[in-house]
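Open the model in your viewer and keep the selection tool at hand. Each stop below says what to select and what is there.

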Amino acid sequence: MRGKSPGADASAKKQARKKSDGGRQRSAMGSVLSLLGAFVATSMALGLLFAGLLIPATGLAGASVKGGVKEFDDMSGTLTENALSQQSKLLAKDGSVIATPYDENRIVVPSSAIPKVMKDAQVAIEDERFYDHGALDQRGILRAVAANLVSSSTQGASTLTQQYVKVAAQRAAIESGDKEEAKKAVAQHGTDAYVRKIKQLKMAVELEKTHTKDQILTSYLNLVFFGDGTYGIEAASQHYFGHPAKDLTLPEAATLAGVVNLPGSTDPVHNPKAAVKRRNIVLEKMIKQGRVSKADGEKAIASPLQTHVTNIAGGGGCQGSKYPYFCDYVTDWVADQPALGANRKERLAKLKTGGLTIQTSLDPKKMSALDSNLKKRVPVGNGADVQAAGVIIEPGTGLVQAMSQNAKYDVAGSNHFSTSVDWVRSGFPIGSTAKIFAIVEAMRQGRAVDSTVNVPAMNGTKDGRPVYNFTSKTFPGQCGQGAGNWSVGNDHPVPSGPMSLSKATAESVNTAFGALVASLGPCKVRDTFKLMGVQARDLKTGGWRDIRRDPSSIVLGSDSSSPMMMANAFATVAADGKYCAPRPVVSIKQANGKPVALKVEPCKQVISQQEARGTAEIFTHVFDSDGTASDAKLADGREAFGKTGTVDGSLHTWFVGSTKQLSTAVWVGRGFDNKNPIKNVSIGGKHIGTFLYGGDIAAPVWKATMDTISKGMPKAKLAEPDKATKQGDEVSVPDVKGKSEADAKSTLEKAGFLVTVSKQNSGDVSGGQAFKTDPAAGQKLGKGKKITLYVKP
C-alpha cells in the first residue's frame with residue numbers, strides 16, 4: 001500500500017481541528033442564543049419589550065428556550081457595589097491640605113453637590129431617554145440584537161444604567177482579585193461579550209428596582225474615569241477647573257460629559273482640541289433635546305476652552321506635598337492604627353482608598369519659621385557638607401507642630417513613607433543634652449536644686465589635655481566602666497571641689513556630671529532615659545533599643561537618639577513631669593464623618609511636678625553669662641530652659657530647649673558618611689574658626705525660631721520649685737569623717753537622710769572609716785532625701 005504523505009496527514013489534522021473548533025463555537029453560540037432567547041422571552045413576559053418586536057427565530061425555540069429560561073432565571077442579578085475608592089485628606093492645623101493620598105483620585109459627593117447642568121449634559125450625550133425608559137432601551141435593543149447576530153462585534157444600545165453596571169462589575173472583579181472576571185466584564189467580542197451583556201442586562205433590571213434614576217446617575221458620575229488620573233465628577237472638576245463640581249458652568253459640564261466615553265483621547269489637558277470638539281457635540285445634543293436654550297448653547301459652543309488645572313494637594317503622594325517629611329511621618333503613624341485594618345498593608349490601603357479626613361498637628365506658621373531659620377544657617381547642599389534638622393513639640397500633648405531638615409526629599413525603597421533621609425526621627429549622638437537625665441534623677445533622689453557636686457581634681461592627661469580617669473571603682477556594676485579607665489575632660493579649666501548643680505549645668509562640666517552620675521548610680525540614670533521616652537537607634541534592625549550601659553553613653557551622650565525624642569524629653573519637663581508620646585495626628589474621620597478610634601498612648605506622670613520644676617530651674621542657667629548658650633536667651637524676657645550638646649570632633653552638635661508652651665530641638669552635624677571633624681569651615685555665611693559647638697549654630701537657630709513662633713503668645717512663666725525642692729528642709733549634712741561606717745550611717749539616718757554606702761580606697765582615714773559624704777558636710781538637704789556615705793575599705 002502507498003503511504004500517506006506528511007502534507008496530506010497535516011492537512012487532515014488541520015481539517016479535524018477546524019471541525020472540532022467549529023463544533024465548540026456552534027455549541028457556545030447555541031448556549032448564548034439559548035440564553036438570549038430566554039432573556040427576550042423573559043423580558044417580553046415582564047413587558048420590557050414592545051409586543052411587535054421581531055427577533056431571529058433560529059435557535060430561539062422549543063427546548064432551547066426552555067433550557068435557557070431556567071439558566072437565565074438561575075443567573076445572579078445582584079450587582080456588587082463596593083464602597084468607592086477615594087482620596088483621603090491630610091489637613092494642617094489651619095485646615096489647609098497637606099496631601100491627598102489615593103489609589104484613585106476620587107472625591108465621592110452626594111447628588112446635591114452635582115449640579116443639574118452636569119447631570120443634563122451626561123444624560124444628553126450618553127442616554128437621552130434615561131428618565132423615560134427602564135433598565136433597557138426598548139427602541140434600540142432589537143437593532144442591537146439583530147446587528148450583533150450577523151456581525152463580529154457587539155453593537156451597543158446601552159443605557160446609563162447598563163454602563164454603570166458594566167463599570168461597577170469590572171471594578172468589583174478587580175478588587176476581588178478575579179482578573180478573568182474583570183476581563184469578561186468589559187468583553188467586546190465573542191461568546192464572553194454576549195454572556196457579559198446578558199448578565200449585565202439582568203443586573204440593570206434588578207438595579208432599577210431598588211435605585212432611583214438620580215441615585216444611579218449620581219453613582220455613575222462618582223464612579224467613572226474622567227481622564228488624567230481623575231475619577232468621579234468632583235475630583236475631575238477640581239483638577240481641570242480648580243473648583244468644586246457644584247460650581248460647574250455649562251461649557252465646563254459639557255466638557256466633562258464628553259470626556260467619559262473616550263477619556264484617553266478627549267481630556268482637556270492632553271487633548272484640548274478633541275475636548276472642545278467633543279464638548280460641542282454634547283452642547284448640540286443639549287440644544288436639540290431642549291436641555292438648554294439655543295442662545296445659551298451656542299454661546300457655550302463659541303466659548304474658548306478655559307481650564308485651571310490643579311494637581312490636588314500634591315497629586316496624591318507625599319512627594320508632591322509642601323511638607324513631605326511630615327506627610328511621611330503621618331503616613332507611618334497611621335499605618336500603626338489598628339482601627340484602620342488588621343495589619344500595616346491594610347491600613348495603608350485604607351489611607352489611600354477610604355476617603356479619610358486626617359487632622360494633623362502641623363502648624364504652617366511654625367513650620368515656616370523653623371524651616372527658614374534652619375536652611376538659612378545650614379543651607380541645603382552647603383559646601384561644608386553639614387546637615388541639620390529640627391522639630392517643635394507641644395508640652396502636655398506630645399503633638400508635633402513642625403519638623404524640618406536641610407535635605408531634598410527623595411523617596412527610597414518600596415514603602416510609601418520610606419525616604420532616603422529622615423533626620424528628625426533618626427539617631428545621632430546627643431552629647432551634653434544627655435545631662436538633663438542626670439539632673440532629673442538627682443531630683444528624683446532628693447537632691448536639692450541648690451545642692452552641690454564634688455568636682456574631682458584632674459589626675460591624668462589625654463591628647464595633651466588634662467582629664468580625670470574614672471575607673472571601675474567609681475563606676476562599678478552592670479552600667480560601670482569595667483576594665484581600664486574612662487578619661488573625661490572639660491572644654492575649659494574647672495577648679496576641683498564643690499560646685500552647684502546649676503553652675504555645673506550652665507558650664508557643662510563633664511567631670512562634675514561624671515561624679516554626679518557615679519553617686520546616683522549609672523543604671524538608675526539610664527533608666528531615667530527610658531522613663532522619659534528616650535532610646536537609641538538600633539542600626540541593625542532599624543528599630544529602637546535602650547541606651548548603652550557604659551558611662552560615656554549615660555553621662556556624656558555618646559549614644560544616639562533623635563531630635564524628636566530629645567524635644568519631647570524637654571517637653572516632659574516643661575509639662576511638670578507629664579510624658580506624652582509624640583504624635584502628628586489629632587483626629588481621623590471616616591468618609592461618612594464618623595470618628596476613628598485612635599490608639600494613642602495616654603499621657604502619664606513620669607516624674608513629680610516638683611522634680612520637673614527643679615530640673616527646669618537648673619537648666620535656665622544655661623542662658624546665664626557664663627552659660628554655654630548665653631547668646632540664645634529669648635527676646636522680651638520670655639522664660640525658657642535648655643541645653644547645648646557637642647560630641648567629640650563636633651560631628652554632632654545640639655541645642656534643645658523649651659518654654660512652657662513649646663519645646664524645640666535642633667541638631668547640626670554630619671548626616672551621612674563624612675566622619676571629618678567640623679572645624680574651620682564656613683556654613684551659611686558664618687565662619688567657624690575652630691570646632692563647631694552647640695552654641696554656634698544650633699542655639700541661634702533655636703532662638704530665632706522660638707522668638708518668631710512665640711510672638712503673640714502669653715509670656716508663660718516657668719513655675720518655681722517649692723522651698724523643699726530648691727533648698728531642702730534646712731537640715732545640714734553632719735560631718736562624719738573619721739567615724740566608723742556604722743556610726744556614720746547611724747548619724748546620717750538620725751538626721752533624717754536615706755543613706756547609701758559606697759566603698760572606695762581613698763581619703764586620709766583608716767580602713768573602715770568614713771571619709772566624706774555626697775552632698776558634702778554642711779550642705780542643706782531635705783529630710784528623707786538620699787545621701788551617699790563614702791567609706792574606706
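## First stop: a loop between two helices

Select Ser508, which sits in the loop between helix H18 (501-506) and helix H19 (510-520). Helices here are DSSP runs of H or I with at least four residues, strands are E runs of at least two, and both are numbered from the N terminus. The phi of Ser508 is near 55 degrees, a positive value in a residue other than glycine. Most residues other than glycine have a negative phi. Ser508 counts as buried because its relative accessibility is 10%. The cut-offs are under 20% relative accessible area for buried, over 50% for exposed, and partly exposed in between, with a 1.4 Å probe and protein chains only.

A word on the model itself. It is predicted: local features need pLDDT of at least 70, side-chain atom pairs count only at pLDDT 80 or more, and totals for chains, interfaces and linings use all residues. Residues are numbered from 1 along each chain as its sequence is written, and side-chain values use heavy atoms, with hydrogens and water left out.

Now select strands S10, S11 and S12. They form an open sheet of three strands in the order S10-S11-S12, with antiparallel pairing. The edge strands are S10 (460-462) and S12, each pairing on one side only. From one strand to the next, the twist averages 50 degrees. H19 packs on this sheet and touches S11 and S12. The direction of H19 makes about 5 degrees with that of S11. Such angles run from 0 to 180 degrees between N-to-C directions, with axes fitted as lines to C-alpha atoms, for helices over the stretch in contact. Contact means heavy atoms within 4.5 Å.

Zoom in on the pairing of S10 and S11. It is antiparallel and runs over three bridges. Two strands pair if DSSP finds at least two bridges between them. Pick Gly460 and look across to S11: its bridge partner there is Val467.

Show the cysteine side chains. How many disulfides does the structure hold? There are three. A disulfide is a pair of cysteine sulfur atoms within 2.5 Å. With bonded cysteines counted along the chain, the pattern is 1-2, 3-4, 5-6.

Select Cys318 and Cys327. A disulfide joins them, with 2.0 Å from S to S. The link is left-handed, at -75 degrees about the S-S bond. Both Cys318 and Cys327 are buried.

Move to Cys479 and Cys523. Their sulfur atoms are 1.9 Å apart in a disulfide. This link is right-handed, with 100 degrees about the S-S bond. The pair links distant parts of the chain, 44 residues apart. Cys479 is in the loop between strand S11 (465-470) and strand S12 (486-488), while Cys523 is in helix H20 (residues 522-531). Is each end buried or partly exposed? Cys479 is buried, with a relative accessible area of 0%. Cys523 is partly exposed, at 26%.

Go on to Cys580 and Cys603. They form a disulfide with sulfur atoms 2.1 Å apart. The link of Cys580 and Cys603 is right-handed, with 120 degrees about the S-S bond. Cys580 lies in the loop between strand S17 (578-579) and strand S18 (585-589), and Cys603 in the loop between S18 and strand S19 (604-605), so the pair ties together parts that are 23 residues apart in sequence. Cys580 counts as buried, because its relative accessibility is 3%. Cys603 is partly exposed, with a relative accessible area of 37%.

Select Asp385, in the loop between helix H16 (364-377) and strand S6 (387-393). Its phi is near 55 degrees, again a positive value in a residue other than glycine. Asp385 is partly exposed, with a relative accessible area of 29%.

Then select Asp774 and Pro775. A cis peptide bond joins them, with omega about 0 degrees. Most peptide bonds are trans. Pro775 lies in the loop between strand S27 (770-774) and strand S28 (780-781).

## Last stop: the whole chain

Zoom out. The protein chain has 26 helices and 29 strands. Of its 793 residues, 51% are buried. Among contacts with a separation of 6 or more, 70% are between residues 24 or more positions apart.
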